[in-house]
Amino acid sequence: MSIEDGYWLLPEGIEEILPPTAWRLESLRRDLLDLYDVWGYELVIPPFVEFLDALLVGTGNDLELHTFKLTDQVSGRLMGVRADMTPQVTRIDAHHMPRELPSRLCYIGTVLRTRSDGLGGSRSPLQVGAELYGHSGYESDLEVLCLMLETLALAGVRDVHLDLGHVAVFRGLVRQAGLTPRQEDTLFDALQRKAVPEIRSLLAGYRLADDEARRLLALAELNGGAEVLEQAECELADAPEEVLAALENLHQLAAAVEHHWPGLPINFDLAELRGYRYHTGVVFAAYVPGVGQAIAKGGRYDDIGRAFGYARPATGFSTDLRALLTAGATALEPRPRGAIYAPRADDPALEALVAELRQRRERVIRALPGLEVEPRALGCDRILQLGEEGWTVRPLVAPSAAAEVSE
């Protein structure tokens, strides 16, 4: 490969967006921001880079591994390129909006990651999401979850399946069993893989009481439909209060979601602990057939604003705009839009008409002197012609007609 050939290459997982996809993406972005606006969410635009410690507040090791790092030549401090916008929005809420009233904030922007989330995945997603600060009840979880589902519906995403879980179930059982941080991490990893023999072996090695081991082992099997919550209430009946409260929280949320979205398939998984070090309550994710990863996800992450001096309840969701465009049936449909071809002429009446048409959101493409161009090749379906009544818009009926006018 020559040096010139190498100029065309992009880093793995980094994409450019070309017409007409770029316009479809922008149209979807505008539609989503309009949706969030009518729900009362205010737009914020965080910076692309920040000091590293602020970017990683309360997020655990996973985000640190995904973050590109560089040294600020002005301050000498270590900076990071954002790999997730949620910590930035939390900083904005804590620092710029310290108020008792709830804050509803939305955002959209490119994030950059050192590695993709999956085989062939993007390292530069166009992240879009919404966060609600200042309320700890399940009603705020319901609001952002319903907004996430509305986001998918607006993008034309069909056959959505919702996964619900709650990190306080595992966290409460671990606390009751008195596991060390290392034991907790090892067991957590095995639970994510649903590796039952390994989990059983680990619990035996930890020398727990029979009831403690039984409850932790049961988590690996507690996944499925609505019957899972009833089974969990039996299996975990003598669990700590925080575990029982988490199960009740899931009951309330699931019932409310079913009321707002009747017929939506809901799966419960008490061993699915996305963002375990980050989330504090309910976690949720949306899946669609044919896509191996969640197309949108979120959950509750109370008090991470403490590091910024303003701790309060928080819940939110995020998704990738490009993933929505790929999965969305309506978003992929080309929007029919023609254009008007306008010749070059030193005529104030023509200039005024072109300006008027553009003000009416019509697409007008001007001819350029010295170039022989077929207007249809530019996407034009109409043309401006001069007749007895002045300049008028006419259908573009034949290539020869457009060529004559441009001359």
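This is a predicted model: local features need pLDDT of at least 70, side-chain atom pairs count only at pLDDT 80 or more; totals for chains, interfaces and linings use all residues.

Residues are numbered from 1 along each chain as its sequence is written, and side-chain values use heavy atoms, with hydrogens and water left out.

Strands and helices are named here as DSSP runs numbered from the N terminus, a helix being H or I with at least four residues and a strand being E with at least two. Strands of a sheet pair through backbone hydrogen bonds, either parallel or antiparallel. Two strands are taken to pair if DSSP finds at least two bridges between them.

Met79 belongs to strand S4, which covers residues 78-81, and S4 is joined to S3 by four bridges, the two strands running antiparallel. Both take part in an open sheet of three strands, in the order S2-S4-S3, with antiparallel pairing. Strand S2 (49-51) and strand S3 (68-71) stand at the edges with a single partner strand each, so one side of each has no neighbour in the sheet. On average, and with direction ignored, neighbouring strands of this sheet are turned by 35° against each other.

Is Met79 buried or exposed? With a relative accessibility of 14%, Met79 counts as buried, a word that means under 20% relative accessible area, whereas exposed means over 50% and partly exposed lies in between (1.4 Å probe, protein chains only). Its contacts, defined as heavy atoms within 4.5 Å, include Val49, Glu50 and Phe51, as well as Phe68 and Leu70, once neighbours within four places in sequence are left aside. Met79 and Phe68 are 11 residues apart in sequence, and their C-alpha atoms are 8.5 Å apart in space.

The next sheet is also open, and nine strands form it in the order S1-S5-S6-S12-S11-S10-S7-S9-S8, with mixed pairing. Strand S1 (42-43) and strand S8 (223-224) stand at its edges, each with a single partner strand, so one side of each is left without a neighbour in the sheet. Strand S7 (residues 161-166) and strand S9 (residues 266-269) run parallel and are joined by three bridges; here Leu162 stands opposite Ile266, and Leu164 stands opposite Phe268. S8 and S9, by contrast, run antiparallel with two bridges between them, and Asn223 stands opposite Asp269 in S9.

Thr110 lies in strand S5 (residues 103-110), and a relative accessible area of 33% makes Thr110 partly exposed. Apart from neighbours within four places in sequence, Thr110 is in contact with Phe48, Arg82, Ser124, Pro125 and Leu126.

The axes of H7 and helix H10 (residues 210-218) come within 10 Å and cross at roughly 160°. That makes these two helices roughly antiparallel, a term used for angles over 145 degrees. Where they meet, Phe170, Leu173, Val174, Gln176 and Ala177 in H7 touch Glu212, Arg215 and Leu216 in H10.

How do H2 and H6 lie relative to each other, roughly parallel or roughly antiparallel? The axes of helix H2 (residues 21-38) and helix H6 (residues 138-154) come within 10 Å and cross at roughly 150°, and the two helices are therefore roughly antiparallel. Asp31, Leu32, Leu35 and Tyr36 in H2 meet Leu147, Glu150, Thr151 and Leu154 in H6.

Helix H5 (residues 86-96) is largely enclosed by the rest of the structure, because nine of its 11 residues are buried. Among them are Thr86, Pro87, Val89, Arg91 and Ile92.

How values were computed: Axes are lines fitted to C-alpha atoms, for helices over the stretch in contact, and angles run from 0 to 180 degrees between N-to-C directions. Angles under 35 degrees count as roughly parallel, over 145 as roughly antiparallel, 65 to 115 as roughly perpendicular and the rest as oblique.
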